[in-house]
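Welcome! Take a moment to look over the chain before reading on.

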Amino acid sequence: MAKTEIIKLNMLGLPVIQSIDDFSVVTHISKYTIYQLSHHSDKYYKTFEIPKKSGGKRTICQPSKKLKGLQSWILVNILNKIQVSPSCKGFRKGSSTLDNALPHIGANTILNLDLKDFFPTVSSKQVYNVFKTIGYNKLIATVFTNICTYNDMLPQGSPCSPMLANLTAWNLDLRIQGYVGKRGISYTRYADDLSFSGLNPTKVVKIIPMIKTIINDENFEVNHKKTRIASSARAKIVTGLIVNEDSVGIGKQKYKDLRAKIHHLILPTEQKNEKLLYHVGGWLSYLNSVDKLRLQKAKKYISELTKKYPTTLIARLDK
């Protein structure tokens, strides 16, 4: 490994790994196991399909416990230490859909574009380039790539895939930000969801052809079915959150639906419905990260119901 590569790794705070021996020492995994997981990684996956919300099927590639363990080591010790682009808000520690929506507050027009098959679009070559760029030699970059990819793509199911997709999209984010920034348009990306906003509807619409050109040029593809434009007449939604003139939240309708579910927890017919209880609990956790105002309203409502119906399921939420 060249001296400059070692300096680069040290500057980034990444482990200096020059050989399989080094990799074996830092991971406490035998060289034989590393060789097997790298050269025959396709044998360590179980694939199955799950339905997509939008219709169709999504292929999940589930790595074995042993392979997932090694992927997790790469994620924690290498990938999570690398800075993603400022426009990237998804799959980052401490970041949520709220962080993705906040830059779009006060906009008159919001444009949402979706990248088609985000993970499968990223090739082994692109993943190799990520590891090579941050300072690893050809051998180690190849080993890491073999461990993190399946059938020449990022597998949906590997803990490394989200961060590798983000790092691969660095140049995409940079080019898009460079283009829209000078036109007074805000841009964020949450995984495969690209959001643009501005005060002038015409300006926002005008960027579409160039944005699609940049996306194609960076080896990604637009899912045309999910392209949405919302102006003052329509609800402005960014990654599932309603964006208003001065705030972001889940919106009146979703809160109304949640309130109805909370009320169901006091009904005699629902007293064994643990699934509903956990569902409401999940929603409260979600509110805690994206809409604290409505979380307080929900908690107040739960407290009021608990006082009236202390022996029902609702009491388990009032803590």
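Predicted model: local features only at pLDDT ≥ 70, side-chain atom pairs only at ≥ 80, totals over all residues.

**How the chain is divided**

- The size of an interface is often given as the accessible area lost when the parts come together.
- Here, domain 2 and domain 3 bury about 440 Å² between them, and carbon and sulfur atoms give 55% of that area.
- Three residues, Leu98, Leu241 and Ile242, supply 60% of what domain 2 buries against domain 3, more than any other three residues.
- In terms of contacts, 6 residues of domain 2 touch 6 residues of domain 3.
- There are 0 salt bridges between domain 2 and domain 3, while 1 residue pair is in polar contact.
- On the side of domain 2 that touches domain 3, helix H5 (97–101) and strand S8 (241–243) each supply at least two residues.
- The residues on that side of domain 2 comprise 3 nonpolar, 3 polar and no charged ones.

**A closer look at Thr145**
- You can find Thr145 in helix H8 (residues 138–148).
- Is Thr145 buried or exposed? Its relative accessibility is 4%, so Thr145 counts as buried, the cut-off being under 20%.
- Apart from neighbours within four places in sequence, Thr145 contacts Ser124, Val127, Tyr128 and Phe131.
- With Tyr128, the side chain of Thr145 reaches the backbone nitrogen at 3.4 Å.

Conventions
Residues numbered from 1 in each chain as written. Heavy atoms only, no water. Helix = DSSP H or I, 4+ residues; strand = E, 2+ residues; numbered from the N terminus. Buried < 20%, exposed > 50% of the residue type's maximum accessible area, 1.4 Å probe, protein only. Polar contact = N/O pair within 3.5 Å; in protein donor to acceptor, adjacent residues only side chain to side chain. Contact = heavy atoms within 4.5 Å. Buried area = accessible area lost by both parts, 1.4 Å probe. Salt bridge = Lys/Arg side-chain N within 4 Å of Asp/Glu carboxyl O. Nonpolar A, V, L, I, M, F, W, Y, C, P; charged D, E, K, R; others polar.
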